[in-house]
Amino acid sequence: MRRLLALLMLCNTQSLADQPVLRFSVAESWSMPLMRVADEQPVEGLLFDLMQAMAREVGARAEYHVLPRLRLQQAMDDGDVDVRCYVSPQWFNDRPGRFAWSIPLFRLRNVLVGQPNDQPTRPEQLPLQAIGTVLGYTYTTLDPLFERGQLRREDSRSQELALQKLQIGRYRHAVSNELSLQWFNQRLPTGQRLQVLAVLEQQALGCMVRNDPSVPTQGVLRALVRMKESGEIERITRRYGAAVYSGEVSGVKP
């Protein structure tokens with residue numbers, strides 16, 4: 001019996017080794033519900049589940065490269081990773097032919113966040129102050145306020161850390177994607193939950209795939225279409241409280 005189990009384990013290991021590898025980029029700045037990373041490898045989250053499902057759909061083994069956000073595109077350009085998800089074509093000045101874009105998969109809303117008892121307000125109405133932001137993120141709707149000094153960026157390594165600093169009063173306001181804010185608030189008592197003061201922008205996000213003979217580019221893109229049509233992507237996103245892309249949205253890079 002032991003010999004049989006050992007033989008089965010050996011066959012399974014050999015089968016995994018024979019699978020092609022699909023290399024995904026993972027941003028260090030991601031936190032739950034997008035991704036939780038432990039010992040330099042993702043272990044759970046919406047994007048982890050999506051990437052695992054994508055790899056299974058194309059018969060590949062997922063490999064993850066955890067990188068600072070500012071190095072993600074360089075890794076794609078250098079051919080170090082094959083797939084980058086949770087990204088929008090609007091984030092780029094051009095759309096180089098060496099990459100192919102998936103169908104839109106998610107809806108992203110960036111919001112201005114304040115303390116529990118704050119009232120709705122627009123960022124241009126805020127007095128001179130520091131505002132919580134995430135390192136490497138561009139907030140186009142706030143750029144004019146940063147340029148004239150009305151608001152100052154205070155960058156954190158992740159969205160969760162930016163919200164933690166807001167909670168303890170490091171600053172009065174922060175910017176967050178709505179999904180991360182919902183996840184952060186669910187563990188707080190109702191009276192202590194951070195408040196959405198204004199919607200800054202909305203976007204449709206998907207994945208970009210390196211267009212190279214060594215990568216099953218079209219297979220990945222078709223897999224995402226099948227996963228969306230079958231409802232698998234919706235099941236994954238709903239598991240984490242996210243919204244699937246279902247129509248045109250406007251906005252620019254978070």
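Is Ser158 buried or exposed? Ser158 is buried, at a relative accessible area of 13%. The model discussed here is predicted. The protein has 8 helices and 11 strands, and buried residues account for 49% of its 254 residues.

**Overall figures**

- The accessible surface of the protein is about 13000 Å², and carbon and sulfur atoms hold 49% of that surface.
- Counting contacts between residues at least 6 apart in sequence, 70% join residues at least 24 apart.

**Nonpolar core**

- In soluble globular proteins, nonpolar side chains tend to be buried together.
- The largest nonpolar core of this model contains 75 residues.
- The members that touch the most other members are Phe24, Trp30, Leu47, Leu50, Met54 and Leu142.
- Helix α2 gives the most to this core, with 8 residues.
- Phe24 has a relative accessible area of 0% and is therefore buried, the cut-off being under 20%.
- Leaving aside residues up to four places away in sequence, Phe24 touches Met51, Met54, Ala55, Ala62, Glu63, Tyr64, His65, Val81 and Val83.

**Aromatic pairs and cluster**

- A pair of aromatic rings is described by the distance of the centres and the angle of the planes.
- The count for this model is 5 aromatic pairs.
- One of them is formed by Phe24 and Tyr64, with 5.9 Å centre to centre and 25° between the planes. This pair counts as stacked because its planes are under 30 degrees apart.
- The Phe24 and Tyr64 pair links distant parts of the chain, 40 residues apart: Phe24 belongs to strand β1 (residues 21–27) and Tyr64 to strand β4 (residues 61–67).
- Tyr64 is buried as well, with a relative accessible area of 10%.
- Tyr64 also pairs with Phe48, at 5.7 Å centre to centre.
- Phe48 counts as buried at 14% relative accessibility.
- Phe24, Phe48 and Tyr64 make up one aromatic cluster.

**Charge over a ring**

- Arg69 lies over the face of Tyr137, at 4.4 Å from the ring centre.

- Ser158 is placed in the loop between strand β9 (151–156) and helix α5 (159–167).
- Why does Ser158 count as buried? The relative accessible area of Ser158 is 13%, and buried means under 20%.
- Ser158 touches Ser29 and Val134, if residues up to four places away in sequence are not counted.

**Gln164 in helix α5**

- Gln164 lies in helix α5.
- Not counting residues up to four places away in sequence, Gln164 touches Phe184 and Arg187.
- The C-alpha atoms of Gln164 and Gly132 are separated by 9.8 Å, while the two residues are 32 residues apart along the chain.

Definitions and conventions
Residues numbered from 1 in each chain as written. Predicted model: local features only at pLDDT ≥ 70, side-chain atom pairs only at ≥ 80, totals over all residues. Heavy atoms only, no water. Phe/Tyr/Trp six-rings, centres within 6.5 Å; stacked < 30°, edge-to-face > 60°. Helix = DSSP H or I, 4+ residues; strand = E, 2+ residues; numbered from the N terminus. Buried < 20%, exposed > 50% of the residue type's maximum accessible area, 1.4 Å probe, protein only. Lys NZ or Arg CZ within 6 Å of the ring centre and 35° of its normal. Contact = heavy atoms within 4.5 Å. Core = buried A, V, L, I, M, F, W, Y, C linked by side-chain atoms within 4.5 Å. Areas by Shrake-Rupley, 256 points an atom, 1.4 Å probe, with all protein chains shown as cover.
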